[in-house]
Amino acid sequence: MRLAIISGKGGTGKTTVAVNLALYLQKEGQKVCLADCDVEEPNAHFFLDAAWSRENRQTVAVPEIDNTKCLGESCLQCVNECRFNSLIWIADKVMVFPELCHACGLCFFLCPVQAVDESTREIGLVRHGKGRGVEVCGGLLRIGEAMAPPLIRRVLKSTPGQGIVIADAPPGTSCPVMETLRDVDYVILVGEPTPFGLHDFKIAVELVRKLGLALGTVINRDGMGDDQMEKYIRHERLPLLARLPYSRQAAAACSRAEPLLEAMPEFKEIYRNMWENLQKEMQAGGK
């Protein structure tokens, strides 16, 4: 089973839900892996006190032009057909912008004289470890790297094929989130009951619907704001899996990177109900 936990905006408590759900399932005897897909600012491992047992450097293919073979202005097929503008004709040669390259391979295929060679560019690390009994994998994007999806793809590919995989997505609704949602069985959308929270929550709902994925919701910091998010959830007939109450004690525990299940044992019942509700929704096949 593959689950993805997303949020329309940062700071809603998405990682808190991901970490504590993984910890709850592990304590219940489930085989679970937490995949931290927020490769730009990974922090799930802090909450689990995870130690990395191995790190693998990741590279992607990028073109390298052999200008002794290149036909120059009489051809330029690679420049004209590159959808990502990673190749340009300047100063009488084809110049490569590797940071813009999506490693699609089209330029290798098109070149009539094999003037495009393959080089590599490092994009970051994929890491594996364990913390509080939970298997953890994640990525760390290279500083200055513009595109997170290729590394997120590697992180998800490195997860085990059995058990439950919980993917902690990056915040927002952009390409990194869409990559995280690839091939998942169920999406948990975490929102906070504030005007800003509701605005981005609605955008996330539309994204998941367009992708045709099953969706359940969690209201975090329940009682902090107003009831507009709850009304929206009811109006859209979205499953409400759980409410996590607003609590200064919970906020203090999170600031110490301490799992709520350990800092506040009463949260165990909330996560038990969340998991039971999620299973019911998946069995019902609701979207």
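In this predicted model, a helix is a DSSP run of H or I with at least four residues and a strand is a run of E with at least two, both numbered from the N terminus.

Q: What makes the place of L100 a loop, and between which elements does L100 lie?
A: L100 lies in the loop between β5, residues 93-96, and α4, residues 106-110.

Q: Why is L100 called partly exposed?
A: The relative accessible area of L100 is 40%, and the name applies between the limit for buried, under 20%, and the limit for exposed, over 50%; L100 is therefore partly exposed.

Q: What makes I90, M95, F97 and L100 a patch?
A: These four residues form a nonpolar patch on the surface, with about 300 Å² of accessible area together.

Q: Why is G10 called partly exposed?
A: G10 has 42% relative accessibility, which falls between the 20% and 50% cut-offs, so G10 counts as partly exposed. This glycine lies in the loop between β1, residues 2-7, and α1, residues 14-27, and its C-alpha atom is separated by 9.7 Å from that of D200, although the two are 190 residues apart along the chain.

Q: Why is β1 described as largely enclosed by the rest of the structure?
A: Of the 6 residues of β1, 5 are buried, so the strand is largely enclosed.

Q: How do you know that β1 pairs with β8 and with β9?
A: Two strands pair if there are at least two bridges between them; β1 has 4 bridges to β8, running parallel, and 5 bridges to β9, also running parallel, so both cases meet the requirement. Among the residues involved, I5 has D168 as its bridge partner in β8, while L3 stands opposite Y186 in β9.

Q: What makes β3 and β11 the edges of the sheet?
A: The sheet is open, with mixed pairing, and its 9 strands follow the order β3-β6-β7-β2-β8-β1-β9-β10-β11. Because β3 (51-65) and β11 (240-245) each have a single partner strand, one side of each is left without a neighbour in the sheet. From one strand to the next, the twist averages 20°.

Q: How do you know that α1 packs on the sheet?
A: Contact means heavy atoms within 4.5 Å, and α1 touches β1, β2, β7, β8, β9, β10 and β11, with its direction at about 165° to that of β8. Another helix, α8 (residues 228-235), lies across β9, β10 and β11 and runs at about 165° to β10.

Notes. Residues numbered from 1 in each chain as written. Predicted model: local features only at pLDDT ≥ 70, side-chain atom pairs only at ≥ 80, totals over all residues. Heavy atoms only, no water. Buried < 20%, exposed > 50% of the residue type's maximum accessible area, 1.4 Å probe, protein only. Patch = residues over 30% accessible without salt bridge, like charges linked within 9 Å, V, L, I, M, F, W, Y side chains within 5 Å. Areas by Shrake-Rupley, 256 points an atom, 1.4 Å probe, with all protein chains shown as cover. Salt bridge = Lys/Arg side-chain N within 4 Å of Asp/Glu carboxyl O. Axes fitted to C-alpha atoms, helices over the stretch in contact; angles between N-to-C directions.
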